[in-house]
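Open the model and keep the sequence beside it.

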Amino acid sequence: MRDGALKVKELVDTHSAVASPKRPQRYAEKVRWSTLLALPFAGVAALCLHWFAAANEAPAEALLYTYFLSGFLVAALIAIAVQPIWSGLRSWMRDSSPLITAAVVCLVVWEIVTSVLRLLPLPYFPGPAAVLSSLVNDSGVLFDSTWHSLVLLLGGYTLGVVVGLVSGICIGWFPYARYWGMPILKIVGPIPATAWIPLAMVLSPSAMFSAIGLIALAVWFPVTMLTASGISNTRASYLDVARTLGAKRSYLIFNVAIPAAMPSIFIGLFMGLGASFLTLVVAETVGVKSGLGWYVSWAQGWAEYGKVYAALLIMAAFFSTIMTALFKLRDHVLAWQKGVIKW
Amino acid sequence: MVATFVSGVAKEGSSLDVVNVTKDFAAQDRTNQRTLALDGVSFSVGAGEFVSIIGPSACGKSTLLRLIAGLDFPSSGELRVGTEVITGAHAERGLVFQDPNLFPWLTVRRNIRSGLVALGVAREKNHEVDDFIRLVGLEGFANVYPHHLSGGMAQRVALARALITHPKVLLLDEPLGALDAFTRMQMQDEVLRLWQARLTTMLLITHDIDEAIYMSDRILIMTPRPGRIDRVISLDMERPRDRSHPDFLRLRSEILQLLDFGRR
């Protein structure tokens, strides 16, 4: 309860600091004690509750979770001790500690609902301690699965993006390519890539290849669509200016139309990435005998739900890391848009 | 008339001939009629001359400029630069619009440089980029993206970008039309300075009679629907011109009369 109150107060404070023009300068220098202390306070609360709940958990799992929470508490205390002399850490803590505190509060609620009160049926809903133990004990297999997923995802995504960019640029620029390409795009594109699985299984020599092909297909459609529309919507006056500067067709395509289409192309890349995650997991569940999607359905087959949640956690971290990487790339490529549009 | 020669300037300009040019467009409605935008337009501009075209909206001024730029083709008639017939866009005919149309993904320096890149001579002539940045007085802004620039600054970049390929003819389609009155007068001097430095042949489209009188050697007055050259006025006033000189004012009211805006 106290955590919640702290958090709300913090949010209100941050908000008012943003709203008032005078405060941010001073505010940027220091971190409020309530912000700092929220972290160890949440850690201590979680540990207390865990000692209470440990009786209902397997001893090994309970011990591991104790180590985890203690480690968090120690890290929080060290961070508080170090922040006065490390400004980068200080500003990071000011931004992130409300969120981290909230995450710890979620762990506490989770443990209350599962291990303490046993409101949810087992084995489908294990407590945080059981999931952590699955994560640690099966880390070898999970790492291996993540690696396989990464290879499949990057292979399929790269292929889809390359083919999508080429076909999108052609459809967007050449009327002839648009005439013949658009109908194909409009008919084949909207079919979810996963609907091709039966055909892919028959056609392809290996599950790996068919999965890469399906992911590429899923990525190809949005990338082509948005690249083509970006290219064909290039402001005519940019092209006119370039022509009067003596530009040949290659300059018009590569130095005018493509940069002008970049914002649209990136929307296609993001949509394609979302589609690739979905297709990856389905392909791994159905055909490929490795990867995180396969791991989830395999663990579910053995009713090891701790492992299922562990794999979901890894998946979340894995996918959001890749998403973040794409955001970084966009920030770099579209740096010229800063100040033009709100990101 | 060729402009007064300042000693030591580059003479980059080339003459321009427009011979009996007609341009019609398909009408927007479903009738098979065609709209005549230009009807038998003929005029010549001497090498290094500064000519303005004024006329009411929709009199085909911009269409004419697009034909000269080579972005569009006449229905009949011929356009020539020097002795060569215009068959398409070329770096020898630069174009500056009312909207500067800077490439927003390139910095000021790279925008100015883009003409050299398009011609494939960026490496050999890279040193000229700095000369042109200095020429339009944007030394401190070379690495800034266009959206940080004011309207006047952006238009200077557009001028530098159009001039870096050393065009023989510079076509100006109301380039100062979107600027406030003070910036506009300042930019008029700027354009005149750029013109006098290289004697590029200049063809300026404008709505502003003062601007036309202040800047040009000759003024062509166009009438609309279909667009025709109605009158040619030669100016032999001293430069720099005094906007409040009696001759200036007399000419101004004369042109207003011709355009039917005079006191009746």
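**A walk through two chains**

Four bridges join strand 3 of chain B to strand 9 (residues 218-223) of chain B, and the two run parallel. Strands here are DSSP runs of E with at least two residues, helices are runs of H or I with at least four, and both are numbered from the N terminus. Two strands pair if DSSP finds at least two bridges between them. Within this pairing, B:I54 stands opposite B:I221.

This is a predicted model, in which local features need pLDDT of at least 70, side-chain atom pairs count only at pLDDT 80 or more, and totals for chains, interfaces and linings use all residues. Residues are numbered from 1 along each chain as its sequence is written, while chains are lettered from A and ligands numbered from 1 in the order in which they are written.

Stay with strand 3 (residues 50-54) of chain B. How many of the five residues of strand 3 of chain B are buried? The count is five of five. A residue is buried if 20 or more other C-beta atoms lie within 10 Å of its own, exposed if 12 or fewer, and partly exposed in between, with C-beta atoms placed from the backbone. Both faces of the strand are covered. B:F50, B:S52 and B:I54 lie on one side, B:V51 and B:I53 on the other.

Now find the open sheet of chain B. Its four strands have the order 2-1-4-5, with antiparallel pairing. Strand 2 (34-45) and strand 5 (84-85) of chain B stand at the edges, each with a single partner strand, so one side of each has no neighbour in the sheet. Further in, strand 1 (residues 16-26) and strand 4 (residues 76-81) of chain B run antiparallel and are joined by five bridges. B:D17 stands opposite B:R80 in strand 4 of chain B.

B:G77 also lies in strand 4 of chain B. Two residues are in contact if their C-beta atoms, placed from the backbone, lie within 7 Å. Leaving out residues up to four places away in sequence, B:G77 touches B:V19, B:N20, B:V21 and B:T22. B:V19 is 58 residues away along the chain, yet the C-alpha atoms of B:G77 and B:V19 are separated by 5.7 Å. B:G77 is partly exposed, because 16 other C-beta atoms lie within 10 Å.

Turn to chain A. Its secondary structure comes to 14 helices and zero strands. Of its 343 residues, 35% count as buried. Among contacts in chain A between residues at least 6 apart in sequence, 76% join residues at least 24 apart. The chain is divided into domain 1 (2-121) and domain 2 (139-337), with bounds from an automatic or database domain assignment. Taken over C-alpha atoms, the centres of these two domains are separated by 37 Å.

Helix 3 (residues 33-53) of chain A deserves a stop. Its 21 residues should span 30 Å at 1.5 Å a residue, and its end C-alpha atoms are 30 Å apart, which agrees. The expected span is 1.5 Å times one less than the number of residues. The helix bends by about 25° at A:L39, and a proline, A:P40, follows within four residues. The bend is the angle between axes fitted to the seven residues ending there and the seven starting there. The buried residues of helix 3 of chain A include A:T35, A:A38, A:L39, A:A42 and A:A46. An α-helix has 3.6 residues a turn, so residues three or four places apart point the same way.

Where do the chains meet? The contact takes 16 residues from chain A and 22 residues from chain B. On the chain A side, helix 11 (236-244) and helix 12 (249-286) each supply at least two residues. Helix 11 of chain A gives the largest share, seven residues.

Finish with the backbone of chain B. A cis peptide bond joins B:R239 and B:P240, with omega about -5°. B:P240 is found in the loop between strand 10 (228-234) and helix 7 (246-258) of chain B. B:L199 has a positive phi of about 50° although it is not a glycine. B:L199 counts as buried, because it has 21 C-beta neighbours inside 10 Å.
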